[in-house]
Amino acid sequence: MSRLQRLQNINGLIEILQSIAKNQCSLSEMDVHLLNEAIAKLNRLKIKKGLTNKHYQLEIVNIVELIFKFLTK
């Protein structure tokens, strides 16, 4: 996957998570924390350069785990 495609995917996911955080008034403090942590990790991932596919996948796994925790609580 090219860097441009990665950035587009990351930006799209950030927008979705921010939209959820803004539009859901019934979120618990823990839910908001999980969403904010995922957004922060995505923003850090955007500025990292020279990541191999393996490193990129490891970073994404951590972010997916946060989103999974948010969805299953």
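**A buried residue and the helix packing**

Mentor: Asp31 counts as buried, because its relative accessibility is 13%, under the 20% cut-off. Please keep in mind that this is a predicted model.

Trainee: Where is the place of Asp31?

Mentor: Asp31 lies in helix α2.

Trainee: And what does Asp31 touch, not counting residues up to four places away in sequence?

Mentor: With those neighbours set aside, Asp31 touches Phe70 and Lys73.

Trainee: On to the helices. How do the axes of α1 and α3 cross?

Mentor: The axes of helix α1 (residues 3-23) and helix α3 (residues 53-72) come within 14 Å, crossing at roughly 15°. The two helices are therefore roughly parallel to each other, since angles under 35 degrees count as such. Their crossing is left-handed.

Trainee: Which residues meet there?

Mentor: From α1, Arg6, Ile10, Leu13, Leu17 and Ile20 meet Asn53, Tyr56, Ile67 and Phe70 of α3. Seven residues of this contact are nonpolar, one is polar and one is charged.

Trainee: Changing topic: which residues in the largest nonpolar core touch the most other members?

Mentor: That core has 15 residues, and Ile10, Leu17, Ala38, Leu42 and Ile63 have the most contacts with other members. Two or more residues come from each of α1, α2 (29-47) and α3.

Trainee: Which element gives the most to this core?

Mentor: Helix α2 does, with six residues.

Trainee: What does Ile63 touch, not counting residues up to four places away in sequence?

Mentor: On that basis, Ile63 touches Ala38, Lys41, Leu42 and Leu45.

Conventions. Residues are numbered from 1 along each chain as its sequence is written. This is a predicted model: local features need pLDDT of at least 70, side-chain atom pairs count only at pLDDT 80 or more; totals for chains, interfaces and linings use all residues. Side-chain values use heavy atoms; hydrogens and water are left out. Axes are lines fitted to C-alpha atoms, for helices over the stretch in contact, and angles run from 0 to 180 degrees between N-to-C directions. Helices (H or I, at least four residues) and strands (E, at least two) are DSSP runs, numbered from the N terminus. Angles under 35 degrees count as roughly parallel, over 145 as roughly antiparallel, 65 to 115 as roughly perpendicular and the rest as oblique. A crossing is left-handed if the near helix is turned anticlockwise from the far one by less than a right angle, and right-handed if clockwise. Contact means heavy atoms within 4.5 Å. Ala, Val, Leu, Ile, Met, Phe, Trp, Tyr, Cys and Pro count as nonpolar, Asp, Glu, Lys and Arg as charged, and the others, Gly among them, as polar. A nonpolar core is a set of buried Ala, Val, Leu, Ile, Met, Phe, Trp, Tyr and Cys residues joined through side-chain atoms within 4.5 Å. Buried means under 20% relative accessible area, exposed over 50%, partly exposed in between (1.4 Å probe, protein chains only).
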